[in-house]
Amino acid sequence: MSIYLTEEQELIGKNAQGFAKENLDPIVVELDHTGNYPADVVKKMAEQDFMGLFLPAEFGGAEAGYVSFVEVIENLSRSCPAAASIVVNHSLAVYAIQRWGTAAQKKEYLPSLASGKTLGAFAIFENGPTPGVGPDALMAVKKAEGWVLNGTKTYVRNAGKADVYVVLACSDPAAGAKALTAFIVSSKAAGLTVGEPKETMGLKGCPVADLNFENVMLAETAVLGAVTEGPELVAETLAVAAIAEAAQTVGIGQAAVEHAAAYSKSRVQFGRPIATLQAIQTLLAETATDCHMARLGIRYAAELLDNGEPFQVEAAMVKQFLARLHSKMLLDTVQVEGGFGYSEFMPLPRLFRDIAGTTLLDAPADFPDKTIAAALLA
Amino acid sequence: MPKLLACYKWTLNEQDIKINPADLSLDSSRAKGKISDFDRNAIEEASLIVEKQGGTVDALSYGTPAVKQSLKDALSRGPNKVYWVGDASAENADAFVTANVLAAAIRKIGSYDFIFCGEGSTDMFYQQTGPRLAQLLGLPCISYVEKLEIEGDVLKATRKLGDCLEQVNVKAPAVVSVLSEINKPRIPTLKQVLGAAKKPNEEIKVSDLGLTPAQLSPKAVRKGARGFVMNRKNVIYKESDASANVAKLAASLAAEGLR
């Protein structure tokens, strides 16, 4: 474990920040208002190699590793967390396919996902309490010629824009969530439809919708990993999501504290900039510290992933740490900016909505605690 | 096909330099390095030409030992190879010293068809390195270039002067210094950044350049640098008659020389 970034990792982060300032800053307000999918920006992100960032070169990836991945995600999130969300969700599908895919599946899907020619999405959530349990749970039934899928995945990010979905379906009704099987599903599969776009509190521009399956026929080759391997695939992929989304949270917190710091230097009250007041300095210092400590934890978890070591506990820890602190980061920075900061023409309300999404999504609230406690109590 | 060289300076990122409000001294202790802005344009232009019509582009930098941190950044922007001179003498170097070192290094490396420089550096902006380098190498210098193309051994440049544009053709070899308008420097992709590690770099020692102590002594010596802070005047005109306030404001601005 190196506590410092390598020269390349630092350069990749710096370039991602430059890219975000040039390409994301100009669109972020409009994106927040319209929620329109930023196709042009996604294309540009692909040109920067962000869509195949950690994939091996043999599949067209940049082989930049997961520390670089979190550097890119944090820096994109400093400007536009929604654009980062599109990359993150795409990357979860990419991760699952490269980790559990057969040689043929990797060859078929990864090169076009890496180049950005196709977009990926990872679909796990359902309306029932856990996947495989509710009345519209996605069920996979084995037939002689393959599998038939019926049901609904909800809250699927990148839905409607993705070409390739990694979908979790229940393959044994009696076993429920314990019998999840992962499938690779093309957006063109007959019987697959995308529901109405769901309007979300934040991260607008990253599409969210249901996926409805009606007698979707899949070949045996669509199964990702072993039929019984779904729960393991979900746990590991969501741990990757936890790291990536923590990087988003830190990016947003960093953007907020930098904005608040600049504001405090220019805002004059009582004859002097409010930055000179200790109460303001405390709010800024605590937020900057929270970001810094979280960033170190995120890099550490990402480096474990790079080294092929177990990383799920450390991923849960950054998720848990930021679940406690994310709203404080924004409350404190809005507090610095006072009534102005609360206004919609300032960026903090948008960042407030966005940061909520980064800690709520992709993992049940008790996921981090359960994982960490299990490791402690084993 | 052209053989090009792009010279660049590794400067401190001015956005990282803090001004100490107590004595206006500059604190650069946490400032990171960057390739000087116009020099990025120089590297970009040389790289674009080579990517479009073939040839080769190398890069060359003279700086303090910290210049070593710039190599991957420079190589990720297109050059095939980077030569670097990392020496403590660069700490106080002016354009005279810089041009002496660069010229000696170029003589050692070999000849190029065209040598690209930025018009001025982000930190000092002397705008002398290109012309001085040309003088030392006995080459023509085309400055203020906002557009150029290379056909055969001729470089056709558009120079942006005060109130006109000038079209100049120059035959290789020559030195060209470019303005920021000439292009938009790329943001290197991940593959370009990671590919930079596989490209060669070569250190050149100042001691191997055969320069005299006089050639390494700056003519212009910076005695100090202080931040400039514009303080608010905190003047409020409180007349009930708005036109009287305007008249007072106008008189105040005129008194400060604004007409």
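Helices (H or I, at least four residues) and strands (E, at least two) are DSSP runs, numbered from the N terminus. The legends below concern a predicted model.

**Figure 1. A cis proline in chain B.** B:Pro173 sits in the loop between strand 11 and strand 12 (174–178) of chain B. The peptide bond that joins B:Ala172 to B:Pro173 is cis, and its omega is near 0°. Most peptide bonds are trans. Chain B has an average pLDDT of 95. In that chain, 100% of the residues score at least 70.

Figure 2. B:Val168 belongs to strand 11 (residues 165–171) of chain B. Within 10 Å lie 17 other C-beta atoms, so B:Val168 is partly exposed; a buried residue would need 20 or more. Neighbours within four places in sequence aside, B:Val168 contacts B:Ile142, B:Ala157 and B:Arg159. B:Thr158 is ten residues away along the chain from B:Val168, with 6.3 Å between the two C-alpha atoms.

**Figure 3. Positive phi at B:Phe125.** B:Phe125 has phi near 55°, a positive value in a residue other than glycine. Most residues other than glycine have a negative phi. The loop between strand 8 (114–118) and helix 4 (129–137) of chain B holds B:Phe125. B:Phe125 is partly exposed, with 13 other C-beta atoms within 10 Å.

**Figure 4. Positive phi at A:Phe270.** In chain A, A:Phe270 has phi near 55°, again positive in a residue other than glycine. A:Phe270 is found in the loop between strand 9 (268–269) and strand 10 (272–273) of chain A. A:Phe270 has 8 C-beta neighbours inside 10 Å, so A:Phe270 counts as exposed; the limit for that class is 12 or fewer.

**Figure 5. Where chain A meets chain B.** The contact involves 14 residues of chain A and eleven residues of chain B. Helix 1 (residues 7–23) of chain A supplies seven residues, the largest share of the chain A side. By class, that side has six nonpolar, three polar and five charged residues. For the complex, the predictor gives an ipTM of 0.91 and a pTM of 0.92.

**Figure 6. Helix 1 of chain A and its cover.** Helix 1 of chain A has 17 residues. From first C-alpha to last it reaches 24 Å, close to the 24 Å expected at 1.5 Å a residue. Its buried residues include A:Leu11, A:Ile12, A:Phe19 and A:Ala20. Also among them are A:Glu8 and A:Lys14. Both chains contribute to the cover: it includes helix 3 (39–47) and helix 4 (65–79) of chain A, together with helix 2 (71–76) and helix 5 (190–196) of chain B.

**Figure 7. Helix 4 of chain A, enclosed.** Of the 15 residues of helix 4 of chain A, 15 are buried, so this helix is largely enclosed by the rest of the structure. Helix 4 of chain A reaches 22 Å from its first C-alpha to its last, close to the 21 Å expected at 1.5 Å a residue. Across the 378 residues of chain A, 54% count as buried.

**Figure 8. Domain 2 against domain 3 in chain A.** Chain A is divided into domain 1 (7–119), domain 2 (121–230) and domain 3 (231–377). The centres of domain 2 and domain 3 of chain A, taken over C-alpha atoms, are 30 Å apart. Their contact takes 13 residues from domain 2 and nine residues from domain 3. On the domain 2 side, seven residues are nonpolar, four polar and two charged.

How values were computed
Residues numbered from 1 in each chain as written. Chains lettered and ligands numbered in written order. Predicted model: local features only at pLDDT ≥ 70, side-chain atom pairs only at ≥ 80, totals over all residues. pLDDT = per-residue confidence, 0-100. Contact = placed C-beta atoms within 7 Å. Nonpolar A, V, L, I, M, F, W, Y, C, P; charged D, E, K, R; others polar. Domains from an automatic or database assignment. Expected span 1.5 Å × (residues − 1).
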